[in-house]
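Colleague: I would like to read this model feature by feature. Please give the rule, then the case.

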Amino acid sequence: MAQQMGDGHRRFLQTMMANGVVDEQGARSLHQHCCETHNTQYARDKLDDFIAAINSKLQPMFMQIRKGMSEDNGQQYYALVNMAETDVTRMSSDYADNELELFRKTMDLIVGSESGKASSTDILNSADTLTTKKLKKSETEHLLNRLVHGQWLSEKRGEYTLSTRCIIEMEPYIRTMYQDQVKVCQICHNIAFQCQICENPVCGIKIHNPCVARYFKGRSEPRCPACDDFWPHEIPEIRRPKSQSRK
């Protein structure tokens with residue numbers, strides 16, 4: 001039987017609305033805090049049931065709390081998603097038309113690259129090709145900072161990737177707009193941008209780096225799970241949340 005929506009659920013939802021996205025550890029802590037604050041029955045392993053109760057009330061408003069994985073570290077995240085607006089227009093209240101156009105061009109660069117990344121130089125060059133109002137270099141740099149702060153992009157050493165929030169919220173749009181370019185991870189079946197690729201030309205499957213670490217852990221001779229060819233890439237170590245790594 002589904003849980004009834006109570007004050008604890010409402011507090012959880014309000015926090016999700018304020019933050020947009022939280023990692024699994026944060027969601028579990030928030031779940032416990034909301035239950036204890038409002039004298040709601042708390043069970044550590046019932047987070048998904050707790051969220052399902054919220055989602056049942058959000059459904060008529062075309063909203064949903066969705067779960068997704070960070071391509072960077074493999075951790076699970078929860079994001080509040082607007083189901084009615086599946087494309088970049090969901091950002092129109094915070095960004096001007098020319099800023100949204102540059103964001104689309106940045107997505108084009110990231111999705112079209114083998115590495116799942118776009119350099120700041122390439123993005124700055126794209127700003128010169130806008131059909132809407134042109135952006136100066138300083139304006140483009142400021143916009144990129146805002147997109148990172150708004151958790152739509154991630155940046156590391158001058159290279160930009162789609163953030164976990166962006167992938168969770170924009171997945172239907174990405175699958176529709178880039179259906180010939182997007183592949184899913186062979187292991188977790190989610191969209192894969194930052195990943196390793198099988199070098200067999202008739203195979204070419206993709207596996208997220210964190211999924212590679214988990215799948216090939218302890219295997220002396222890693223082989224492609226699809227074609228059984230030798231997997232020549234370096235196997236990354238499994239990255240654990242800080243709270244777990246100290247245990």
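Modeller: Start with accessibility: buried means under 20% relative accessible area, exposed means over 50%, and partly exposed lies in between (1.4 Å probe, protein chains only). Asp7 has a relative accessible area of 48%, so Asp7 is partly exposed. Two more sentences cover the ground rules. This is a predicted model: local features need pLDDT of at least 70, side-chain atom pairs count only at pLDDT 80 or more, and totals for chains, interfaces and linings use all residues. Residues are numbered from 1 along each chain as its sequence is written, and side-chain values use heavy atoms, with hydrogens and water left out.

Colleague: With which residue does Asp7 form a salt bridge?

Modeller: Rule: a salt bridge is a side-chain nitrogen of Lys or Arg within 4 Å of a carboxyl oxygen of Asp or Glu. Case: Asp7 pairs with Arg10, and the closest N and O atoms are 3.1 Å apart. Arg10 is partly exposed because its relative accessibility is 41%. Elements also need a rule: helices (H or I, at least four residues) and strands (E, at least two) are DSSP runs, numbered from the N terminus. Asp7 and Arg10 are three residues apart in helix H1 (residues 7-19), so about one helical turn separates them.

Colleague: How many salt bridges does this rule give?

Modeller: The count comes to 10. Take Arg165 and Glu169: their closest N and O atoms are 2.9 Å apart. They sit four residues apart in helix H7, so the separation is about one helical turn. Arg165 is buried at 17% relative accessible area, and Glu169 is buried at 4%. Glu221 and Arg223 form another salt bridge, with the closest N and O atoms 2.6 Å apart. Glu221 is partly exposed at 48%, and Arg223 is partly exposed at 32%. Salt bridges with shared partners also link Glu24, Arg28 and Lys67 into one network.

Colleague: Next, helix packing. At what angle do H4 and H6 pack?

Modeller: Axes are lines fitted to C-alpha atoms, for helices over the stretch in contact, and angles run from 0 to 180 degrees between N-to-C directions. Helix H4 (residues 97-112) and helix H6 (residues 137-149) pack at about 75°, with axes 11 Å apart. H4 is therefore roughly perpendicular to H6. The classes are: under 35 degrees roughly parallel, over 145 roughly antiparallel, 65 to 115 roughly perpendicular, and the rest oblique.

Colleague: Which residues of H4 and H6 meet?

Modeller: Contact means heavy atoms within 4.5 Å. From H4 come Glu99, Leu102 and Phe103, and from H6 come Thr140, Leu143, Arg146 and Leu147. By class, this contact of H4 with H6 has four nonpolar, one polar and two charged residues.

Colleague: How many residues does the largest nonpolar core have?

Modeller: In soluble globular proteins, nonpolar side chains tend to be buried together. A nonpolar core is a set of buried Ala, Val, Leu, Ile, Met, Phe, Trp, Tyr and Cys residues joined through side-chain atoms within 4.5 Å. The largest has 30 residues, and Met91, Phe103, Leu162 and Ile174 have the most contacts inside it. H4, H6, strand E6 (159-162) and helix H7 (164-177) each supply at least two residues of this core. H4 gives the largest share, six residues. Apart from this core lies another, of 17 residues, among them Leu13, Leu30, Ile51 and Leu58.

Colleague: Is His31 buried or exposed?

Modeller: His31 counts as buried, because its relative accessibility is 2%. His31 belongs to helix H2 (residues 24-37). Leaving out residues up to four places away in sequence, His31 touches Phe12, Tyr42, Ala43, Lys46, Leu47 and Phe50.

Technical notes
Ala, Val, Leu, Ile, Met, Phe, Trp, Tyr, Cys and Pro count as nonpolar, Asp, Glu, Lys and Arg as charged, and the others, Gly among them, as polar.
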